[in-house]
Amino acid sequence: MTLAFVAIGANLNDPQDQVRRAIAALGALPGTTLLGCSSLYGSKPMGQQDQPDYINAVAQLATTLAPLTLLDELQRIEREQGRVRKDERWGPRTLDLDLLLFGDQIIESPRLTVPHYGMKQREFVLLPLYEIVPDLRLPCGSALRELALQCPPNGLQIIAPAPSV
């Protein structure tokens with residue numbers, strides 16, 4: 001089993017429900033156990049500001065799936081919850097699932113970059129991740145604790161407790 005972390009975000013079609021449904025779907029993946037989940041956080045959107053605020057969380061999984069197979073499953077869950085991929089970056093969406101970490105692997109492929117390329121700068125990733133694994137060390141050696149403490153919250157706030165797993 002490999003420990004993996006998935007960032008979850010939504011800002012359309014009842015975002016809290018979208019995030020909760022995604023968490024349930026992650027727990028139902030083959031060869032995968034949902035170990036934990038952060039609280040649900042409210043955050044301002046990246047990029048264009050004329051869109052609704054986001055609901056974010058981070059889930060912790062133990063999985064036997066290969067990284068690209070897990071990515072395929074994450075994209076399937078997104079599609080099933082109404083996600084339509086567009087060229088628009090950081091636009092509104094029903095669901096966004098990003099594979100943040102996959103064990104201690106560093107993956108650079110055309111389809112997948114792990115650790116996720118923007119995770120060290122994004123409060124809506126770092127702070128929920130820190131909530132569930134404060135002593136984590138990233139594959140590059142960075143301590144999550146230090147990154148989280150240096151990251152400005154930018155209005156990020158807990159809006160609902162962690163869903164039970």
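What share of the 165 residues in the protein do buried residues make up? In this predicted model, buried residues account for 50% of them. The radius of gyration is 15 Å, which agrees with the value near 15 Å that a compact globule of 165 residues would have, and the C-alpha trace spans about 40 × 35 × 35 Å along its principal axes. The accessible surface comes to about 8000 Å², with 51% of that area belonging to carbon and sulfur atoms.

The chain forms four helices and eight strands, which follow one another along the sequence in the pattern β-α-β-β-β-α-β-β-β-α-α-β. Among contacts with a separation of 6 or more, 70% are made by residues 24 or more positions apart.

Helix 3, residues 123-132, is largely enclosed by the rest of the structure, because seven of its 10 residues are buried. These buried residues are E123, F124, V125, L126, L127, P128 and L129, and they pack against strand 1 (2-10), strand 3 (40-43), strand 4 (54-63), strand 5 (96-102) and helix 4 (144-150).

The cysteines can be considered next. A search of the whole structure finds zero disulfides, a pair of sulfur atoms having to lie within 2.5 Å to count as one. For C37 the closest cysteine sulfur, in C151, is 19 Å away and therefore too far for a bond, while C151 itself is in no disulfide, its nearest cysteine sulfur being that of C140, 15 Å away. C37 counts as buried because its relative accessibility is 7%, and C151 is also buried, with a relative accessible area of 11%.

Finally, as to charge, the protein has 15 positive and 18 negative side chains, and the centres of the two sets lie 1 Å apart.

Terms used: Residues numbered from 1 in each chain as written. Predicted model: local features only at pLDDT ≥ 70, side-chain atom pairs only at ≥ 80, totals over all residues. Heavy atoms only, no water. Buried < 20%, exposed > 50% of the residue type's maximum accessible area, 1.4 Å probe, protein only. Helix = DSSP H or I, 4+ residues; strand = E, 2+ residues; numbered from the N terminus. Contact = heavy atoms within 4.5 Å. Rg over C-alpha atoms; globule rule 2.2 N^0.38 Å. Areas by Shrake-Rupley, 256 points an atom, 1.4 Å probe, with all protein chains shown as cover. Lys, Arg positive; Asp, Glu negative; His and termini not counted. Charge placed at Lys NZ, Arg CZ, Asp CG, Glu CD.
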